[in-house]
Amino acid sequence: MRLGEIAERIGCELEGDPAIEITGVSPIDDAGPGELTFVANQRYRSRLADVKAAAVIVAPGIPVPRGAALRSANPYLAFVKALDLFHRPHVPPPGIDPAASIAPDARLGARATVGPYAVIGEGARIGDDARIDAHVVVYPGVTIGHRFTAFAHVVVREGVTIGDDVKLQSGVVIGGDGFGYTPGDDGRIRAIPQTGTVILEDGVEIGSNTTIDRAAVGATRVRRGTKIDNLVMVAHGCDVGENVFVAAQVGLSGSARVGAGAQLGGQAGVAGHLTIGEGARVGAQAGVPNDVLAGATVLGTPAVDIRTFRRIAAAWLRLPALLRRLREVERKLGLDGDAESEE
């Protein structure tokens, strides 16, 4: 593809020869002649001097010593658009594989692709342009919208509702039983029936081996446009708002609420029945024991406001020096013995 066409299609201002042939896109350290790269982070500006790419996507005002430049106020987004131009994802052959098992009363929309050993249960309803890969299991009574994608070994349990343009990566389980138990009169642990369901709204994408449990009553809900990474656990009765980002290995305990536009960093844990406010940010590995206000940023375990966390972190780094000073003061006051005895 010629550079001029790329600039027009991704909305960049071109500085250089529009006839340059571009064969692909690569990160700045790997890009070679004929390829397109980008610099969005200021830390990588120094690498522009040695770049071998034919062209670089950069912000206005940043000098490009070698090659052509595509100027964009958002270089990273422009690079993503360029990736879309060159990416050719694997597309399975259309049609229904003879090894698939589809219940007689299940309904598939137009142009469905169903792989070998996929199972679609009684009464399931799936919209147009579905892609259902090998070994996917859709239980009875499931309702799914248009342009559904389920990669190999996805499981969608009975009675789940899924909207349009939903994508489930391999190993996802939607609608498994929630973790609900209570001691019985005889002292034995009794399972609480998980009678509810899961609702995934339009545009939701779920990463590999993530589990979203059905509610004990009512519904566990993931709202429109939310993106959830790999190995995430969403417990029964949770409500995850619109356009939320959830990074890998996050755990949401039962009935947690996450407001629209919130972001949860990797391995963060949220206690049950809490509310994460709209637009809040929870840092990686944070342990959240209390509600988080809308727009707040919290870090640490227990999670605290980012300004408090920074003061705590700075003090923690000074603890060895403070301990040495304390011992010197104790020595001068003749308290060495008392300190040793307390230790």
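The predicted model contains an open sheet of nine strands, paired in parallel and ordered E8-E11-E14-E17-E22-E25-E28-E31-E34. Strands (E, at least two residues) and helices (H or I, at least four) are DSSP runs numbered from the N terminus, and two strands are taken to pair if DSSP finds at least two bridges between them. Strand E8 (107-108) and strand E34 (275-276) stand at the edges; each has a single partner strand, so one side of each lacks a neighbour in the sheet. Residues are numbered from 1 along each chain as its sequence is written. As the model is predicted, local features need pLDDT of at least 70 and side-chain atom pairs count only at pLDDT 80 or more, while totals for chains, interfaces and linings use all residues; side-chain values use heavy atoms, with hydrogens and water left out.

Strand E22 (residues 197-200) is joined to strand E17 (residues 161-162) by two bridges, the two running parallel. In this pair, Thr 161 faces Ile 199 of E22. E22 also pairs in the parallel sense with strand E25 (residues 219-222), over four bridges, with Thr 197 opposite Ala 219 in E25. From E22, Thr 197 and Ile 199 point one way and Val 198 and Leu 200 the other way; all are buried, that is, under 20% relative accessible area, where exposed is over 50% and partly exposed lies in between (1.4 Å probe, protein chains only).

Ile 228 lies in strand E26 (residues 227-228). This residue counts as buried because its relative accessibility is 5%. Beyond its neighbours within four places in sequence, Ile 228 is in contact with Glu 205, Ile 206, Gly 207, Thr 210, Ile 212, Val 222, Val 234 and Val 246, contact being heavy atoms within 4.5 Å. Its C-alpha atom is separated by 24 Å from that of Asp 128, which is 100 residues apart along the chain.

Helix H1 (residues 3-10) and helix H2 (residues 75-86) have axes that come within 10 Å and cross at roughly 120°. The axes are lines fitted to C-alpha atoms, for helices over the stretch in contact, with angles from 0 to 180 degrees between N-to-C directions. H1 and H2 are therefore oblique to each other; angles under 35 degrees count as roughly parallel, over 145 as roughly antiparallel, 65 to 115 as roughly perpendicular and the rest as oblique. Ile 6, Arg 9 and Ile 10 of H1 make the contact with Ala 78, Lys 81, Ala 82, Leu 85 and Phe 86 of H2.
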